[in-house]
Amino acid sequence: MKTVIEIRSLEKSYGSGAAQVRALEGVNLDVQAGEVLALMGPSGSGKTTLLSIMGCILQASGGSVKVNGREVVGLRESELPRIRLTHFGFIFQSFNLFPALTVRENVAIALELRGTPRRKARRTADRLLADVGLADKVTRQPADLSGGQKQRVAIARALAGDPQIILADEPTAALDSASGKTVMEILSSLAHDRGRAVVIVTHDPRVLGYADRVVRIADGRISAEAEEQAA
């Protein structure tokens, strides 16, 4: 499989001097196209920080992060939005939908930010929403949807621009069993049927059954013994 993210000797610290906190220390990790990778660990272990650095939301303090072969550590802040738009789709526990926009508009806006004309963006949004089973909800507001439906809108939005890498932070945490299963089946299909790399930060044991690899983080470190192949 193709390596889409290559992380070596990654460091992340907050603060300075006596108040400095090391969030990540010496992290090495590869992410492959076509796999579901689950990052697990206790609160404060560094897993969300790691996901944010992968997605060029946070800057690393040191080490190397290559996205499709391009080094992103040390890039200027002005360069990072283009990297995010080109390579990544993001899914969050809180959905992050715009309440005043329709379901269609919530997905289309991600395409318009990439320069897609509005009419084409809305057609593409309708196709993406159909792919996640929401063809009949395109004109609804987010307030009219269940939690599982909102998360499927967020997945459709994450797929705008056809990114190779999907980063999800606790995507099932706020969902009931049936909705969580539906979301994980969609994410699994994106990896296994469409060749996307899907990285999931989670506390949810239900995710483990869908993961190809589980990497456990504690105190900002990943040990070789902690990386396990999912059953």
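The model discussed here is predicted.

**Helix contacts**

Helix H3 spans residues 103-112 and helix H5 spans residues 147-158; their axes come within 8 Å and cross at roughly 25°. H3 and H5 are therefore roughly parallel to each other. The crossing of H3 past H5 is right-handed. On the H3 side the contact uses Val103, Asn106, Val107 and Ala110, and on the H5 side Val153, Ala156 and Arg157. By class, the residues of this H3 and H5 contact are five nonpolar, one polar and one charged.

H3 also packs against helix H4 (residues 118-131), with axes that come within 8 Å and cross at roughly 120°. H3 and H4 are therefore oblique to each other. H3 passes H4 in a right-handed crossing. H3 contributes Val103, Arg104, Glu105, Val107, Ala108, Leu111 and Glu112, while H4 contributes Arg118, Ala121, Arg122, Thr124, Ala125, Asp126, Leu128 and Leu129. The residues of the H3 and H4 contact comprise eight nonpolar, one polar and six charged.

| Helix pair | Axis approach | Crossing angle |
|---|---|---|
| H3 and H5 | within 8 Å | roughly 25° |
| H3 and H4 | within 8 Å | roughly 120° |

**Largest pocket**

The volume of the largest pocket is about 370 Å³. Its lining has 16 residues, and those closest to the pocket centre are Phe90, Ala110, Leu113, Arg114 and Arg157. Two or more lining residues come from each of helix H2 (80-87), strand S6 (88-92), H3 and H5. S6 gives the most, with four residues. The pocket lining divides into 11 nonpolar, two polar and three charged residues. Ala110 and Arg157, both among the residues closest to the pocket centre, also belong to the contact of H3 with H5.

**Cavity**

How many cavities of 30 Å³ or more are there? The count comes to one. The largest cavity holds about 50 Å³ of space. Lining this cavity are Ile53, Cys56, Leu58, Gln59, Ala60, Val72, Val73 and Leu80. Seven of these lining residues are nonpolar, one is polar and none is charged.

How values were computed
Residues numbered from 1 in each chain as written. Predicted model: local features only at pLDDT ≥ 70, side-chain atom pairs only at ≥ 80, totals over all residues. Heavy atoms only, no water. Axes fitted to C-alpha atoms, helices over the stretch in contact; angles between N-to-C directions. Parallel < 35°, antiparallel > 145°, perpendicular 65-115°, else oblique. Left-handed = near helix turned anticlockwise from the far one by under 90°. Contact = heavy atoms within 4.5 Å. Nonpolar A, V, L, I, M, F, W, Y, C, P; charged D, E, K, R; others polar. 1 Å grid on protein atoms, 1.4 Å probe; cavity = no way out; pocket = protein on both sides within 12 Å on 5 of 7 lines; lining within 4 Å. Points joined across faces, edges and corners; volume = space filled by probe spheres on them.
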